[in-house]
Amino acid sequence: MKQVVAYARMSTDDQCLSVGGQFAAIRIAAEANGWEIVAEFTDEGVSGSIDPLERPQCRLALAMAKGLECSVVVHRVDRLTRDHAHFVTLQKKYTFIEAEDVHGGGLVRNIKSLLAEEELVKIRKRTKDGLAELKKNAAAGDVDAQAKIARRAAGRAKAWAVGNSAAMQ
């Protein structure tokens with residue numbers, strides 16, 4: 001039986017595919033393909049733009065996979081990273097399998113990685129536009145908007161004080 005390490009990531013609680021949903025898809029793929037999942041690792045509340053090597057659980061998953069000389073299974077490439085450069089670097093050292101497309105080759109995974117990076121650009125644009133609207137509402141006296149801006153400012157201050165990667169831990 002082929003051993004694999006499972007990894008899941010979710011950046012926000014309101015995403016439609018939960019960590020549990022990702023692992024369910026990975027388990028189905030494992031059962032269908034005769035793999036033994038030796039460990040499951042999860043990074044929650046972490047953006048796909050963060051280097052996977054800077055994420056504590058991803059780093060552990062990669063180390064275990066390297067030590068066991070086995071693949072890392074993710075639900076989709078975008079759960080591993082939304083930065084194509086990160087993906088290119090990682091795939092030189094590790095083998096990845098997508099539970100959603102277990103027979104997909106390197107070319108297909110690279111195309112999906114590029115699409116994930118394009119989605120990151122769109123996410124950033126939506127976030128920037130939403131923040132601009134929130135600031136406009138706060139300036140107009142909207143108390144809820146003002147509270148959200150204050151929480152964001154406090155979170156950013158904490159992140160800058162400890163370093164952005166450390167703030168996620």
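Residues are numbered from 1 along each chain as its sequence is written. Because the model is predicted, local features need pLDDT of at least 70 and side-chain atom pairs count only at pLDDT 80 or more, while totals for chains, interfaces and linings use all residues, and side-chain values use heavy atoms, leaving out hydrogens and water.

On confidence, the protein averages a pLDDT (the predictor's confidence in each residue, from 0 to 100) of 85, and 89% of the residues score at least 70. Elements here are DSSP runs numbered from the N terminus: helices are H or I with at least four residues, strands E with at least two.

Now for the loop between H2 and strand S3 (71–74), where glutamate 69 sits. Its phi is near 55°, a positive value in a residue other than glycine.

| Residue | Relative accessibility | Class |
|---|---|---|
| Glutamate 69 | 76% | exposed |
| Cysteine 58 | 1% | buried |
| Cysteine 70 | 13% | buried |

As for disulfides (pairs of cysteine sulfur atoms within 2.5 Å), the whole structure has 0.

Over in helix H4 (residues 84–91), His84, His86, Phe87 and Leu90 are buried. They share the same side of H4 because they cover an arc (of the directions from the helix axis to the C-beta atoms) of only 155° around the axis.

Methods:
Buried < 20%, exposed > 50% of the residue type's maximum accessible area, 1.4 Å probe, protein only.
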